[in-house]
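User: I am new to this structure and would like to learn how to read its features one at a time. Could you take me through them, giving the general idea before each case?

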Amino acid sequence: MDIKIDDLTGSQVIALIGEHLQSMSAQSPAESMHALNLDGLKKPEITFWSVWEQEELMGCGALKELDDQHGEIKSMRTSSSHLRKGVARQLLLHIIDEAKRRGYQRLSLETGSMASFDPAIKLYASLGFEYCEPFANYKEDPNSVFMTKGL
């Protein structure tokens, strides 16, 4: 697995982000969907990574700087043809390491509360993330789960 910073211009990455947005909108009411589109992921406070196996895209994820001590995980997605191969775990470990390298004290995330998000929640919990209150500009929402990890 090759994890690299991505400029979000490649056709495979654009397609995976499109799939991610479509999936999130199908599972969450509009007011509860916090997935970023391509323009949102290109903002300067966001670093976006793609995961590759040779020329095949396996997944993606991003780290948003909330402030100089707090980061947020965004847009974690594994390609449907690479599920259950450890892609998300390897990428999440990479993002955690990067957050530590930047000197963040905390790493947080928002994900869905529906059963389809259970595998993601289990992954986050297995790497030390715990449930928390809404952070940054999020508000309490029955369709959202908030998790955080002290670094």
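Analyst: Let us begin with the handedness of a helix crossing: a crossing is left-handed if the near helix is turned anticlockwise from the far one by less than a right angle, and right-handed if clockwise. Helices (H or I, at least four residues) and strands (E, at least two) are DSSP runs, numbered from the N terminus. In this predicted model, local features need pLDDT of at least 70 and side-chain atom pairs count only at pLDDT 80 or more, whereas totals for chains, interfaces and linings use all residues. Residues are numbered from 1 along each chain as its sequence is written, and side-chain values use heavy atoms, with hydrogens and water left out. With that in place, the case here is that H3 passes H4 in a right-handed crossing.

User: At what angle do the axes of H3 and H4 cross, and how is that angle described?

Analyst: Axes are lines fitted to C-alpha atoms, for helices over the stretch in contact, and angles run from 0 to 180 degrees between N-to-C directions. Angles under 35 degrees count as roughly parallel, over 145 as roughly antiparallel, 65 to 115 as roughly perpendicular, and the rest as oblique. The axes of H3 (residues 87–101) and H4 (residues 118–126) come within 11 Å and cross at roughly 45 degrees, and H3 and H4 are therefore oblique to each other.

User: Which residues of H3 and H4 meet?

Analyst: Contact means heavy atoms within 4.5 Å. By that rule, Ala88, Arg89 and Leu92 in H3 meet Leu123, Tyr124 and Ser126 in H4. The residues of this contact divide into 4 nonpolar, 1 polar and 1 charged, where Ala, Val, Leu, Ile, Met, Phe, Trp, Tyr, Cys and Pro count as nonpolar, Asp, Glu, Lys and Arg as charged, and the others, Gly among them, as polar.

User: Which residues of H4 are buried, and which are exposed on the face turned away from them?

Analyst: Buried means under 20% relative accessible area, exposed over 50%, and partly exposed in between (1.4 Å probe, protein chains only). The buried residues of H4 are Ile121, Leu123 and Tyr124. They cover an arc of only 160 degrees around the axis, which puts them on the same side of H4; the arc is that of the directions from the helix axis to the C-beta atoms. The face of H4 turned away from this buried side carries the exposed residues Pro119 and Lys122. Among the elements that cover the buried residues of H4 are H3 and the strands S4 (70–78) and S5 (106–112).

User: What does Val51 touch?

Analyst: Val51 is found in strand S2 (residues 46–53), and it counts as buried at 1% relative accessibility. Not counting residues up to four places away in sequence, Val51 touches several residues, including Met1, Leu57, Val87 and Leu91. The C-alpha atoms of Val51 and Thr78 are separated by 8.8 Å, although these residues are 27 residues apart along the chain. Thr78 lies in strand S4 and, leaving aside its neighbours within four places in sequence, is in contact with Met58, Gly59, Leu83, Val87 and Ala88.

User: Where is Leu8 placed, and what is its phi?

Analyst: Leu8 is placed in the loop between strand S1 (2–5) and helix H1 (11–27), and its phi is near 60 degrees, a positive value in a residue other than glycine. Leu8 is buried, with a relative accessible area of 3%. Ser75, in strand S4, has a positive phi of about 55 degrees although it is not a glycine.
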